[in-house]
Amino acid sequence: MSKFTVEEINFMCVFETQDRMQMLENIRQVMLHIKDSDMGELAEQVLGKLQSMTDEEFAEVSLEAAE
């Protein structure tokens, strides 16, 4: 399983879901509106990692935002 960076975890926390498929869909919808290239790259990284993992692996990811 790919480990997520702090930035990737914080990005995922915005979507407030513990469902991997729902998070994938939410990120895809938001990507249409992302204008910042760094944020777009971050979204692409998260999508790639989410697509390459199982629901069981995703359930083990702690989605708590870092300060």
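Guide: The side chain of T17 reaches the backbone nitrogen of D19, at a separation of 3.1 Å, which is a polar contact (a pair of N or O atoms within 3.5 Å; within protein, one must be able to donate a hydrogen and the other to accept it, and residues adjacent in sequence count only if both atoms are side-chain atoms). This is a predicted model, in which local features need pLDDT of at least 70 and side-chain atom pairs count only at pLDDT 80 or more, while totals for chains, interfaces and linings use all residues. Residues are numbered from 1 along each chain as its sequence is written, and side-chain values use heavy atoms, with hydrogens and water left out.

T17 lies in the loop that runs between α1 (6-13) and α2 (20-31), where helices are DSSP runs of H or I with at least four residues, strands are runs of E with at least two, and both are numbered from the N terminus. T17 counts as buried because its relative accessibility is 14% (buried means under 20%, exposed over 50%, partly exposed in between, with a 1.4 Å probe and protein chains only). Setting aside residues up to four places away in sequence, T17 touches Q22, M23, N26, F58 and L63, contact being heavy atoms within 4.5 Å.

M23, one of these partners, also belongs to the contact of α2 with α3, to which α2 gives R20, M23, L24, I27, R28 and M31, and α3 gives G40, A43, E44, V46, L47, L50 and Q51.

Although D55 and R20 stand 35 residues apart in sequence, their C-alpha atoms are 6.1 Å apart, and a polar contact of 2.7 Å joins their side chains. Beyond its neighbours within four places in sequence, D55 is in contact with R20 and M21.

V46 touches F4, E8, F11, M12 and I27, not counting residues up to four places away. The C-alpha atoms of V46 and I9, which lie 37 residues apart along the chain, are separated by 8.6 Å.
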